[in-house]
Structures are given as structure tokens and as C-alpha cells.
Amino acid sequence: MPSERGLRGLFGKQRAPLDGVDVVLADLDGVLYAGSAPIPHAADALNAAQDAGIRLGCLTNNASRTPESVAEQLTELGFRVRGDDIVTSPQAAVRILHDLVPGGSTVLVVGGDGLVTELGKAGYTVTRSAEDSPAAVVQGFAQDVVWTQLAEASFALADADVVWVATNTDWTIPQARGIAPGNGTLVSAVHTAVGRLPVVAGKPERPMYDLAVERFGAKSPLAVGDRLDTDIAGAVRVGMASALVLTGIDRAKQVLAAKKEERPTYVLSDLRELSEPYPTPSISRSGSAVEVRGAAVRLDGDAVRIVKRGEKEIDLLRAASTLIWNTGRPIFTLDVPEELYA
Ligand SMILES: [Mg+2]
């Protein structure tokens, strides 16, 4: 007679994150590559998913590059994508603009190629000067954005009728030499001058996810990202399943402390686990003990205790995050052993 575990396998109770998924919507940095190097196992895992009939789409907040140049870089790293598979924050910004200003309007751009190309494709006239009476300002990141561009945006936005769209408001942008200020800081500079806020297109805002679902005809998409505050928060907001992969920015510590609106459906050590059975946590009736495949934790007053480490570190993290999230208490009110996140 098969063991309980055998029966579970037999009836397929433990589904893999990719089961039933038609489109994977992957973030780039920290998920597919880190700087100029591919993330281990990412290409193999996603190529296998594509072989199984799942479509791969990529969602990027970075407004400085065109979809074609992103696709070219990914292809060199072993991923199978074309320009059409890349959804960028400038594309989402253009989609917003359609609803806010008449077609063919003059738009003042703060940003680079990625933005100028999309605005041109959509039939807008691009300017860099507030003197041209633009109907809108669209602001995205580019390495060569300078003070004079921020000043032109501010002069244009002094007119309350001028629409302001930001591609994204990420505070930081990872660079080969470290972490640098992202578009959020540049938007904030303009905000300080004009006293109002832009409409935002990129993750975690809705337009980018809507655009991706529409373009790929996704019925049951899975968002995959390395940041809780953008990739995962956006997916939660639109009601999309999501997987956080621990190969980028957010790690165990951030997972344990994740706010309700930033909690992923799955936590993965790398993308191979997309197609591996995802264990369902066993939760005790009182909710004070959780076990995931041999890794067990319990709540003892304010203290989270490790009962059994289990075989895989990721299972211990899955158990501990389930326990902590289910308490409904903020992480700082709990005593969490350092080995859970060190
Ligand atoms: Mg990322």
C-alpha cells in the first residue's frame, strides 16, 4: 500500500507553480540576469516551460531601452524572446497617454530612446522644450537625464492642464558598479518644484499588467519577480498569481516581513522550482505550528521557534513565512531567530 506521500504524488495534490499557467510574465534584473550575467538555471527553466507550450513575456520598468534591444540582450544570454515579448514601462505610459491627451499631441519627454521611440510609434510629436506648449510631460529614466530636462518638465507642468505621466517610480536602479538613484528620485525632484504627482504606468501600477495580459491573451498568467514592492505588489493588486525568486533584491528577511499586499503565491530559490511540486504547508488548528515537507516552526508567545530544519532551506522559509503572515502581526512585534534570514 502506498504511503501518504505516495498517494499525494499519485493524485497530484502538490501542484507545481507552472501547472495550469499559460503565460509567465517575468521581470528582468534579478530574475533573468544580474548585470551582464545570466541567473543560473533561469534560461533552462524558461526554455523548458516554452517547450511545454507556456508563453514567456517580460515586464520591465526600465524606460531607457527599446524592446528590441532588451530582446537582443536576452537572446545572447540564452532566452528565447523577440521584441514583441517585452512589455516596457514606456509602452504602458503611452497607453495611459491615449486616454488623457488627443492623438498627435506634442509631448515633452524626459528620458531616452525607449520613451522617444514608443511616443513616435504612437504618433505623438516629441519635444524637449516647454516653449513648444506640450499637452503632456512623460518622464522615464535614462542615464543622460540632466537638470535642464527636469527644469523644462517643471516649466511645462506649471500649467495645471498639462498631463504628467511617469513610466515608473523605482527609487533605485541596479548598475554594474552598485545601486544608483532610479526614476523615482528624478520624479521626486520635479514634484518638489511643481507640487503635484504624476500618473504612474509601470510596476506595481495596473497599466503594465493590463497591457501584458491583453497582448499575450493571458488567461492564467504567473508573474515572476525578485522585488516584493514592485513585481509582487503589482501582481497582488491585479489579482494575478506570483512567484518571488530569491536570486535578486529581496531575500528571506524581506519575505518574512512582507506586508499583506506584497505576499507572493510562491517563494522559490531559483527558477527550476517553477516546475517542481510546490508543497502545501500543514498548519495546526490553532495556527501556531506550521510544517512544510519536514521543516517545522511554531509560535511560542512572541517567539518564532525552529522545531525541525527539514532538508531544504527554502522549505523552512516557506514554513516560517506562513506562520508569521498568519499571525497578522507586524514582524517587529515578534522575536524571529536570525538563522531564518541570515
Ligand atoms: Mg528585478
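Q: How many of the 11 residues of α9 are buried?
A: 8 of them, so α9 is largely enclosed by the rest of the structure. Buried means under 20% relative accessible area, with exposed over 50% and partly exposed in between (1.4 Å probe, protein chains only). This is a predicted model, where local features need pLDDT of at least 70, side-chain atom pairs count only at pLDDT 80 or more, and totals for chains, interfaces and linings use all residues. Residues are numbered from 1 along each chain as its sequence is written, and side-chain values use heavy atoms, leaving out hydrogens and water.

Q: Which residues of α9 are buried?
A: L228, T230, D231, I232, A233, G234, A235 and V238. Helices (H or I, at least four residues) and strands (E, at least two) are DSSP runs numbered from the N terminus.

Q: And what do they pack against?
A: The buried residues of α9 pack against α8 (206-216), β13, β14 and α10 (252-256). Contact here means heavy atoms within 4.5 Å.

Q: What unit do β13, α9 and β14 make?
A: A right-handed β-α-β unit. Right-handed means that, with the strands pointing away from the viewer, the path from the first strand over the helix to the second runs clockwise.

Q: How many bridges join β13 to β14?
A: 4, and the two strands run parallel. G225 stands opposite L244 in β14. Two strands count as paired if DSSP finds at least two bridges between them.

Q: What about β14 and β15?
A: Those pair in the parallel sense too, over 3 bridges. A243 has Y266 in β15 as its bridge partner. In β14, 4 of the 5 residues are buried, so this strand is largely enclosed by the rest of the structure.

Q: Switching topic: at what angle do the axes of α4 and α8 cross?
A: Roughly 95 degrees, and the axes come within 9 Å. Axes are lines fitted to C-alpha atoms, for helices over the stretch in contact, and angles run from 0 to 180 degrees between N-to-C directions. The two helices are therefore roughly perpendicular, a label for 65 to 115 degrees.

Q: Which residues meet there?
A: S89, Q91, A92, R95 and I96 in α4 meet P207, M208, D210, L211, E214 and R215 in α8.

Q: Last one: in what order do the 5 strands of the open sheet come?
A: β7-β6-β8-β9-β12, with parallel pairing. β7 (125-127) and β12 (199-200) are at the edges with a single partner strand each, so one side of each is left without a neighbour in the sheet.

Terms used. Angles under 35 degrees count as roughly parallel, over 145 as roughly antiparallel, 65 to 115 as roughly perpendicular and the rest as oblique.
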